[in-house]
Each structure stands twice: as C-alpha cells, then as structure tokens.
Amino acid sequence: VKRRILRVSGMGESAVDEIIAPIYKSYPDVQTSILFSRVEIEIHLIARSPSSEEAAAVLTELTEKICSALGPAVFATNGETMEEVVGSLLKARGKTVSVAESCTGGMIGMRLTEVSGSSAYFIEGSVVYSNESKLRTLNVSELTLRDHGADSSETAEAMAKGMRERSGSDFAISVTGIAGPDGGTEEKPVGTVFIGYSDPRRTRSMKFVFPGDRELIRWRSSQAALDYLRRQILKETSN
C-alpha cells in the first residue's frame, strides 16, 4: 500500500473534483479522496498493488496526470505545507524574502520561520498595524493612505515595495485588509484583503474577499499571500 497527498490552492473542492474525476476514475485500484481544509484542498491517493514498486509507479503516473490537469494550483505532491514549498523555491534559487503584515499580525512570518533552515532566505518581517507605522516603517505616503485608505491595493503595493527596499530582499509580500468582525463597509466588507508583491522589476497586488470568522480570514489571507508569492517566484524565475 502506497499513499500520497497532493495539495491544491486557489480552487474549490467541487471545481477540483470536476476536473480530475475523469482521471482518477480510470484508476479503479487507487482510492481517491478529496478533502477541504481551512486553507486548501487535499487530494489523498492510496494505491494497492502486489509490490511497493508497482504501487509507487501507479501513484506517480496518476499524480503527473492530475498535476497536468490542475496546473500551478497544485503546490505540493508529497504533503508539503505551503511554507515548506515557498522555502524550497527560495532556497533552490538563492533568493530572499521579507514580509509586511497588517491584518495577519505576523502570521506569515511565523509560518515561514517555522521551517528549519528558513534563515537562508527569510530576511525580516514587520507588523505595521497603524497608519503611523506604515508611514514610519515602510515609507507609505500620506497621500496614498488619505486617497485610498489603509485597506487598498495601492497601500498593499506601497507596503510591499517599502518592505523590499528596507530589507534588501529579492521579494517582498504584504497583507492589509479587514479581518472583522467589525470595520467592514458596503464597498469593503469584512474579509476584504489586499495582498501586495514586489521584486526589483515590478510591484503588483491582488484583491480577495474571504469568508469566515476573524481567525479563518487571517489564516486564509496568510495562505493566499504565500501562494501569491509562490506563483510570482515561478513566473519570475521562468522568464
């Protein structure tokens, strides 16, 4: 019996199953389960064969087909966490990262530094909760905060760029948003989160609206930020 866990980010459970069901159903000797956790989808594969080599070969073949169908949404093929995958990408490329966090309160930095050997690529992190700290620590302009607000794509981008310039890292990510339960508006309801990214060539951001309570929104924000970083690293180093 051989087991393997694939992890998927940025897709819903039903969407994943719709895409890969025709694939795994053609492997009747492999038990496939699709599970939803608070931040990702897990695809559990269990193969039974007369020999371990044969079971492993079947799992490898099925994994390759699933990865081909789902593309970059699959971030792990052996049960690795997102922070482990991001760390491996950075280490393999000799790159470094820093993080600027508002609504996640240091959660991204905590996750990155939970990985042994993260000192090779993690430079520093700042929790900039107030507008004053964003101005003082990351050089976010008063004009940006006044015209767009602390929870905006413009502020997220300014935070990421300021963090990268401050630390001297190759990449930087930032998170700012409304984790709730208070603070939401009609334009920006609770769960609205902006994630910024900066490297020496470009600075950009993405907007998300996450469901859930305060803790879940914070966890989903940290996962989305790490996944955004992962995808940008892959794009940057493939060019």
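**View 1. Helix H2 lies across strands S1, S2, S3 and S4.** Welcome to this predicted model, in which local features need pLDDT of at least 70, side-chain atom pairs count only at pLDDT 80 or more, and totals for chains, interfaces and linings use all residues. Residues are numbered from 1 along each chain as its sequence is written, and side-chain values use heavy atoms, leaving out hydrogens and water. H2 runs at about 15 degrees to S1, and S3 spans 41-47. Helices (H or I, at least four residues) and strands (E, at least two) are DSSP runs numbered from the N terminus. Axes are lines fitted to C-alpha atoms, for helices over the stretch in contact, with angles from 0 to 180 degrees between N-to-C directions.

**View 2. Here is the open sheet, ordered S2-S3-S1-S4.** Its 4 strands are paired antiparallel; pairing takes at least two DSSP bridges between two strands. S2 (30-36) and S4 (74-76) are the edge strands, each with a single partner, so one side of each has no neighbour in the sheet. From one strand to the next, the twist averages 30 degrees.

**View 3. Now meet the pairing of S1 with S4.** S1 (residues 2-8) joins S4 in the antiparallel sense over 2 bridges. Val8 stands opposite Val74 in S4.

**View 4. Finally, helices H1 and H2 cross at roughly 145 degrees.** The axes of H1 (residues 13-24) and H2 (residues 52-70) come within 10 Å. Contact (heavy atoms within 4.5 Å) involves Val16, Ile19, Ile20, Ile23 and Tyr24 of H1 with Leu62, Lys65, Ile66, Ala69 and Leu70 of H2.
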